[in-house]
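Please keep the sequence and the model in view while reading.

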Amino acid sequence: MTTRTRFAPSPTGYLHIGGARTALYCWLEARRDGGQFVLRVEDTDRERSTQGAIDAILQAMEWLGLDYDEGPVYQTSRLDRYREVAERMLADGAAYYAYETREELEAMREAAMAAGLKPRYSGAARDAGLPYRDDPNRVIRFRNPQGGSVVWEDKVKGRIEISNDELDDLVIFRSDGYPTYNFAVVVDDIDMGITDVVRGDDHVNNTPRQINIYRALGAPVPHFAHLPMILDEHGAKLSKRTGAADVMQYREMGYLPHALLNYLVRLGWSHGDQEIFSVAEMTRLFDLKDVNAKASRLDPAKLGWLNQQYLKSDDPADVAMHLDWHLRAQGLDPSKGPAAADIVIALRDRVQTLKEMAERARVWFQPLTEYDDAAVAKHLTDKARAPLADARQRIAALPEWSAEAITAALQATAQALEIGMGKVAQPMRVAITGTQVSPDIGHTVYLCGRDEALARIDAALAKMPKAP
């Protein structure tokens, strides 16, 4: 059977890191065998679902490159289908009408707790055969099996068994005319032919209820895989302060999408000691059966390291497309400065994120108006005048403007004046950037452009004290 998975977020907020990992695992499980991946938006929570959240989820999926074969399918567009299935269950005796008030339901829960039982519905209307009537308290409840247990072989957690005595007759249709989660998700998965349900382990308690509904509808039960939690770096539950961030914040922080995917796939899955996986390798090697059942921890240092590996190894032109976004976020116009690919080459060994790269690139996009006083005092001295002037003359005469040619010109200055390369490079570095820290000096000058570089050298020469 062709594998079909689905990612089914509830649009009540952004796509956080745990949801992104679930989406990735669903995507990989389908892609490995040439199956299909479906995106379903579970938007029946009318009070909390928002269009803004839907847009944020779709944007995050696109940025991550998690393309889907079908969808997005919205549950609110399927209300007639849910009603149709619920009415069939009523006719078959698999469900029934109940009309208890809120106060009556609360009394049932209190009575159960007083008897040392779980707070639950007592089943008062289960065998009453109540007909339909127009009533604000009207709900449809599922006739859950009594006795026995629900057993399934979870692809991550192994064999799980839950007694039916632990389950009550859950509501499948509310009085507002909307289906409940446990009902709608089963109808959706049946209609969409989902073979593998991959989700967080907070859904384990929902699974026996859903399996019973599958069986009541005479439908095949899919495979289930419940993923363990992701904890923060200290082993605590994620919060907004400790890593449960919007996936798009990782973009803002300067991470490449495929670096983040590599990081996410390793939060619970491994293949030997390998750390770096291309998307193609993930797709070929990933299997839900290899996912660890224990919770994993975020490791920001690992993410930074991974991101830098991709900055170093990716084609600079590919990284440049992502860098453009960060340059614009810094208020810089990529068309009014050096080529983004050249910036990548110059800085990729010195930064871990694209945001850092864009911040450091600012010096080549804006006029140099500020100088580090300590750098000026140390390097723009009278002794530096001759090396800087000689270097200016040589790079002004270069027939080819390249980092390599500039480096050769500066080396020629050092040889001609019989001084160390540092005596040429450091004054030049301060002249071009205003500081004593920058990438390789050839790239530093090259990225400035010939005219701007010469103008900055002239300004630096003017700052130097004149010999008495």
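Helix α17 is mostly covered, with 10 of its 13 residues buried, where buried means under 20% relative accessible area, exposed over 50% and partly exposed in between (1.4 Å probe, protein chains only). Helices here are DSSP runs (H or I, at least four residues), numbered from the N terminus. The model is a predicted one, in which local features need pLDDT of at least 70 and side-chain atom pairs count only at pLDDT 80 or more, while totals for chains, interfaces and linings use all residues. Residues are numbered from 1 along each chain as its sequence is written, and side-chain values use heavy atoms, with hydrogens and water left out.

The buried residues of α17 are V424, A425, Q426, P427, M428, R429, V430, A431, I432 and T433. They pack against α14 (373-379), α15 (385-396), α16, α18 (441-448) and α19 (450-463), contact being defined as heavy atoms within 4.5 Å. The end C-alpha atoms of α17 are 18 Å apart, which agrees with the 18 Å that its 13 residues should span at 1.5 Å a residue; the expected span is 1.5 Å times one less than the number of residues. Just after α17, G434 adopts a positive phi of about 85 degrees.

Two packed helices are described by the angle between their axes and the distance between the axes. The axes of α16 (residues 403-417) and α17 (residues 421-433) come within 8 Å and cross at roughly 125 degrees. Axes are lines fitted to C-alpha atoms, for helices over the stretch in contact, and angles run from 0 to 180 degrees between N-to-C directions. The two helices α16 and α17 are therefore oblique to each other; angles under 35 degrees count as roughly parallel, over 145 as roughly antiparallel, 65 to 115 as roughly perpendicular and the rest as oblique. On the α16 side, T407, L410, Q411, T413 and A414 meet M421, V424 and M428 of α17. By class, this contact of α16 with α17 has 5 nonpolar, 3 polar and no charged residues; Ala, Val, Leu, Ile, Met, Phe, Trp, Tyr, Cys and Pro count as nonpolar, Asp, Glu, Lys and Arg as charged, and the others, Gly among them, as polar.

Helix α16 also packs with α15, at an angle of about 135 degrees and with the axes 9 Å apart. The contact involves A386, P387, D390, A391, R394 and I395 of α15, together with I406, A409, L410, A412, T413, A416 and L417 of α16. By class, the contact of α15 with α16 has 10 nonpolar, 1 polar and 2 charged residues.
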